Amino acid sequence: MPERRTSYEIYWEILVYCKSPKTFTSLIGRCDLNSKTGQEHLRFLVDRGYLAIEKDGERTRYVATERAAEYISLFSRLYQGLFDSGPGFRL
Amino acid sequence: MTDTSGRRFGKELTSFFVLVLLNLALGALVMAFGMQIMVTAIIEYSGEGYLSVLFSVTRVVIGAAGICAGIFWIKTSAKIFKGIKNVREEYRNSPDPVPDRALTGWIVTLLAHYRENRTVIMQMALIGTIGGAIFLAFGVTNLVQGVQAVAADTGQVYGYLAFFAAAVNMTIGIGTIYFARGFRTYARVWDMRLDQAGKGEESLKQALESR
């Protein structure tokens, strides 16, 4: 079975969801990820400065940085562009 | 951009939603026809003569095939329907113009839905075409029976009933082929979008890895 979402789509979902600080558990639940792939995606985004880690006592929370806005904007432009050009579907 | 894209997205979503709903109804109709053929064959079964038995068995098999095709039809349509129902509800409850992030999220959801159901959608297009052709063939057969009955001047009522059956079968046949064409068009449009999204990934990759 083909992958439902690409990594880029998952990054976008994570960054949009982390507009306000979110825990790992709520994040993988909301973005429909398993623990392993969730960790991988988060590490990738943290390493590149798109997500920041906030420590709140025992809890670790993730929040999107200003840099994430650039990616979110580019992604939205590209995906909404799919409906701007080319033939559409009509019954 | 959001407004234009949002409106276009909404129109397409509604069109596809209606197509899947009608297809669901068609599946139920195919199943009902299958049952009718099978039950009639069993009721009319006389058991006299080899040819009569063979004819009855053939009708039962055709009826059973119709029921199976109808069940498959309903099951696959319901699966496709389930995937777009939530997006449509959210879209209908959203303000106008549609919020930027919500629209992008729905597009991502529908792309994922298409990736997952591409094979099923292509199957619907194929089965719809075959099913439509079978209904049209039934319709033509009824038409010939009607013309023969009226021309022979032996069974006017039978002739009119045959014409009525021809009209029903041909309407369903044309409708089915039309829906199959709808699925093919949908697949073609979304294949192009998948391709376009794939090309856009390069710039996303660059943006992500530029740091």
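Is the crossing of H3(B) and H4(B) left-handed or right-handed? The crossing of H3(B) and H4(B) is left-handed, a crossing being so called if the near helix is turned anticlockwise from the far one by less than a right angle, and right-handed if clockwise. This is a predicted model, in which local features need pLDDT of at least 70 and side-chain atom pairs count only at pLDDT 80 or more, while totals for chains, interfaces and linings use all residues. Residues are numbered from 1 along each chain as its sequence is written, and chains are lettered from A and ligands numbered from 1 in the order in which they are written.

**Chain A**
- Chain A has 4 helices and 3 strands, where helices (H or I, at least four residues) and strands (E, at least two) are DSSP runs numbered from the N terminus.
- From the N terminus on, the order of elements in chain A is α-β-α-α-β-β-α, and the C-alpha atoms of chain A fill a box of roughly 55 × 30 × 20 Å, taken along the principal axes.

**The helices H3 and H4 of chain B**
- The axes of H3(B), residues 100–152, and H4(B), residues 156–209, come within 6 Å and cross at roughly 160 degrees; axes are lines fitted to C-alpha atoms, for helices over the stretch in contact, and angles run from 0 to 180 degrees between N-to-C directions.
- That crossing angle makes H3(B) roughly antiparallel to H4(B), the term applying to angles over 145 degrees.
- The residues of the contact of H3(B) with H4(B) comprise 28 nonpolar, 13 polar and 3 charged, with Ala, Val, Leu, Ile, Met, Phe, Trp, Tyr, Cys and Pro counted as nonpolar, Asp, Glu, Lys and Arg as charged, and the others, Gly among them, as polar.
- H4(B) has 54 residues and reaches 79 Å from its first C-alpha to its last, close to the 80 Å expected at 1.5 Å a residue.
- A kink of about 25 degrees in H4(B) is centred on B:Gly200, the bend at a residue being the angle between axes fitted to the seven residues ending there and the seven starting there.

**Where chain A meets chain B**
- In chain A, 27 residues are in contact with 35 residues of chain B, contact requiring C-beta atoms, placed from the backbone, to lie within 7 Å.
- The largest share of the side of chain A that touches chain B, 8 residues, comes from H4(A), and by class this side has 14 nonpolar, 6 polar and 7 charged residues.
- The axes of H4(A) and H4(B) come within 10 Å and cross at roughly 170 degrees, which makes H4(A) roughly antiparallel to H4(B).

How values were computed. Contact = placed C-beta atoms within 7 Å. Parallel < 35°, antiparallel > 145°, perpendicular 65-115°, else oblique. Expected span 1.5 Å × (residues − 1).
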